[in-house]
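Here are my notes on the model you sent. Please read them with the structure open.

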Amino acid sequence: MDERIESEEYAKVSAALLSEAIQYRTVSYDNMSNQDFPLDDPLYDPFEHFYKCFISHRFPKFTETLTLDRFNKYGLLFTWLGSNSDLKPTLLLAHQDVVPVEEASLDDWYEEPWSGKNEDGFIWGRGSFDDKHPFIAILEAIEELLNADFKPRRTILLSSGFDEEIGGTKGAKELAKYIISMYGETAVILDEGSTQFDMFGSSMVGIGVTEKIRMPVTIEVRTPGGHSSQPFPHTAIGIMSEIVVGLEDQKYNTYISENHPILGLLTCAQEHTENFPPYLNWLLNDRLEGNIPPEDDDILAIEFVNSVPKYLQSAIMWSLTTAKSVNIIEGGIKVNSLPEFVTAITDIRIHIAETTESTKKRTYEVVRDVAKRHGLKVIEFDNTDPDTPNNSIRLYASVLGETPRTSPSDPIRNIPYKVLSGTVRSLYPDGRVIVTPVMTPGNTDTKWYTSVSKNIYRYSAGASIADSANMHTVNEKMSAERHVAGVGFYTNFIRNMDEADV
């Protein structure tokens, strides 16, 4: 089996499978997250076709052997029963949905975004990296294990949500509830996440051991309407614009808290990389001796960001601070009518050492100052009054998922992490790669699974940071070579966990 997966012939098969998967437009639009959005809406048709026309046809042994339970029609839980029910299951996660492609961006794509074209060693298209690469790699791996007559002792679960990109409330949330009711706890959870990257002269692979809390905040501005020939000094759109600028100008500290996985990455890099910078070495030793700087003057954090290659700086910086961006704004219905109601949504990813309450307070402060300038009332986050009167600004917040916890990353005492890191190293010649704990910059479906396992990890199997560069934007693509490496990874990880004493 291993030789087959490493063959040129199989590489073509594997690339063709990922290519075909991309052609199913399993898109999540924000309005589909509404609880009253019907599951029989035609927007869900590609999800049904994806299972019936692709998964069940292209993976016959998988479909025949594993049992399938559905949740909200499109959430899929595949179960491969092991021979020993006393062993906790291995749980693999991968979501089916992808983000939309903006019509205005079509001319910027080198290849048509739904073509799945295999060109110059890459599979092009929306979802090629996020998240059809790991999903298809898992399906391929299990199909190959079945063809090789592998019989697991430990039950293997593949849980696939269909709304990860819009919060996971209909998919992963329901899947997680069922899994914990059936199994209590799993031995390990592995989802999408970090990749391979180069740092300080060495090759490293990050294993995401935690992620930030995600808290979208909705802001509503309501003011009187009227004819645009007799405008007010500031319309609702103008007032909202001030709020948006205020939020963007508001700075959060960049710092490494005592519980941040970046400390693990730094100590790992200090010990194992070839060119760890001397000044960073001195700063890290000072920190490890217990000298904790104030949050607004963390020289170690700033120096670390400045010391890594430019292509890594953004990901590292945003893992060390609260990230926020206003991504949706709506208001106004006619060019000669003053807008009465304007809405904006800001997506906030909260630093691991901060809280939802402290972040709400800082958001409120920006809104309060704008409201005061314009004589508007602020209706705060916890106000349950459903009415939003004229001349007011209202705030809503929703926390997506459970509070993340940091999973253990000690390879000596923690067996699942040891199995995972060892399996990762097997992908590289002579195991010459440094595996290190990191914080995954984005959110994953694991936010709904924190009660399912103590050992939750996030790793995009076989992928490099170059593969993740264009996710959620134009020219998303996945290396065909690294995709098939992901297949090999999952065959090994499943077998290695099957033998692990956990």
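Which helix lies across β4, β5 and β18? Helix α2 (residues 8-22) does, running at about 15 degrees to β5. The axes behind such angles are lines fitted to C-alpha atoms, for helices over the stretch in contact, and angles run from 0 to 180 degrees between N-to-C directions.

This is a predicted model: local features need pLDDT of at least 70, side-chain atom pairs count only at pLDDT 80 or more, and totals for chains, interfaces and linings use all residues. Residues are numbered from 1 along each chain as its sequence is written, and side-chain values use heavy atoms, with hydrogens and water left out.

1. The three-stranded sheet. The sheet is open, with the order β4-β5-β18 and antiparallel pairing. β4 (118-119) and β18 (477-479) stand at the edges with a single partner strand each, so one side of each has no neighbour in the sheet. β4 and β5 (residues 122-124) pair over two bridges. Asn118 stands opposite Ile123 in β5. Two strands count as paired if DSSP finds at least two bridges between them. Helices (H or I, at least four residues) and strands (E, at least two) are DSSP runs, numbered from the N terminus.

2. Asp120. This residue is found in the loop between β4 and β5. Asp120 has a positive phi of about 55 degrees, although it is not a glycine. At 68% relative accessibility, Asp120 counts as exposed. Buried means under 20% relative accessible area, exposed over 50%, and partly exposed in between (1.4 Å probe, protein chains only).

3. Asn475. Look in the loop between α14 (465-468) and β18. Phi of Asn475 is near 65 degrees, again a positive value in a residue other than glycine. Asn475 is buried, with a relative accessible area of 8%.

4. A cis peptide. Asp130 and Asp131 are joined by a cis peptide bond, with omega about 15 degrees. Asp131 has its place in the loop between β5 and α5.

5. α3 against α5. The axes of α3 (residues 45-58) and α5 (residues 132-147) come within 12 Å and cross at roughly 45 degrees. That makes α3 oblique to α5. Angles under 35 degrees count as roughly parallel, over 145 as roughly antiparallel, 65 to 115 as roughly perpendicular and the rest as oblique. From α3, the contact uses Phe50, Phe54 and Ile55; from α5, Lys132, Phe135, Ile136 and Leu139. Contact means heavy atoms within 4.5 Å. These residues divide into six nonpolar, no polar and one charged. Ala, Val, Leu, Ile, Met, Phe, Trp, Tyr, Cys and Pro count as nonpolar, Asp, Glu, Lys and Arg as charged, and the others, Gly among them, as polar.

6. α10 against α11. The axes of α10 (residues 299-307) and α11 (residues 310-319) come within 8 Å and cross at roughly 155 degrees. The two helices are therefore roughly antiparallel to each other. Phe304, Val305 and Asn306 of α10 meet Gln313, Ile316 and Met317 of α11. This contact has four nonpolar residues, two polar and no charged.

7. Strand β8. Nine of the ten residues of β8 (residues 202-211) are buried. β8 pairs with β7 (residues 188-199) in the antiparallel sense over four bridges. Phe197 stands opposite Met204 in β8. The hairpin of β7 and β8 has two residues between the strands, and Phe200 there takes a positive phi near 55 degrees. β8 also pairs with β16 (residues 434-440), in the parallel sense over seven bridges. Val205 stands opposite Val435 in β16.
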